[in-house]
Amino acid sequence: MALKKQSIRSTMTILVKGVEIPKDELITLSESWSEQQESFFRKMLKQGGKFKVKGLPFEIRLKERILTSKGEKDGGIQQIPGEKTF
């Protein structure tokens with residue numbers, strides 16, 4: 001069982017030997033992996049980092065999301081209508 005396009009999100013950058021790899025090539029590579037290797041790769045997709053699968057060095061960089069302490073997306077600065085008293 002290989003990786004699917006939907007498992008590779010746009011919020012991550014995947015590098016093989018220091019070069020960014022397209023989704024299609026990564027899916028083709030994953031077809032030769034065992035279930036254990038694929039499971040490990042999926043876990044690394046969630047957390048990012050550097051590792052090797054079948055001797056190939058991978059690096060996954062995640063774009064950080066800004067979240068509140070509740071785990072929700074930050075709404076930014078809210079403007080209160082009225083006079084500015086600075």
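Hi everyone! Residues are numbered from 1 along each chain as its sequence is written. Because the model is predicted, local features need pLDDT of at least 70 and side-chain atom pairs count only at pLDDT 80 or more, while totals for chains, interfaces and linings use all residues; side-chain values use heavy atoms, leaving out hydrogens and water.

Let's start with the sheet. It is open, with four strands in the order E2-E1-E4-E3 and antiparallel pairing. Strands here are DSSP runs of E, at least two residues, and helices are runs of H or I, at least four, numbered from the N terminus. Two strands pair if DSSP finds at least two bridges between them. At the edges sit E2 (19–20) and E3 (49–53), each pairing on one side only. E1 (residues 12–16) and E4 (residues 56–62) share five bridges, and Thr13 stands opposite Arg61 in E4.

Helix H2 (residues 35–47) lies across E1, E3 and E4, at about 170° to E3. That angle is taken between N-to-C directions, from 0 to 180 degrees, using lines fitted to C-alpha atoms, for helices over the stretch in contact (heavy atoms within 4.5 Å).

Now, which side chain does the side chain of Glu59 make a polar contact with? Arg61, at 3.0 Å. Glu59 is in strand E4 and, not counting residues up to four places away in sequence, touches residues including Thr13 and Lys50.

Finally, Glu72 lies in the segment after E4. Glu72 and Arg61 are 11 residues apart in sequence and 21 Å apart in space, C-alpha to C-alpha. Leaving aside neighbours within four places in sequence, Glu72 is in contact with Ile66 and Leu67.

How values were computed
A polar contact is a pair of N or O atoms within 3.5 Å; within protein, one must be able to donate a hydrogen and the other to accept it, and residues adjacent in sequence count only if both atoms are side-chain atoms.
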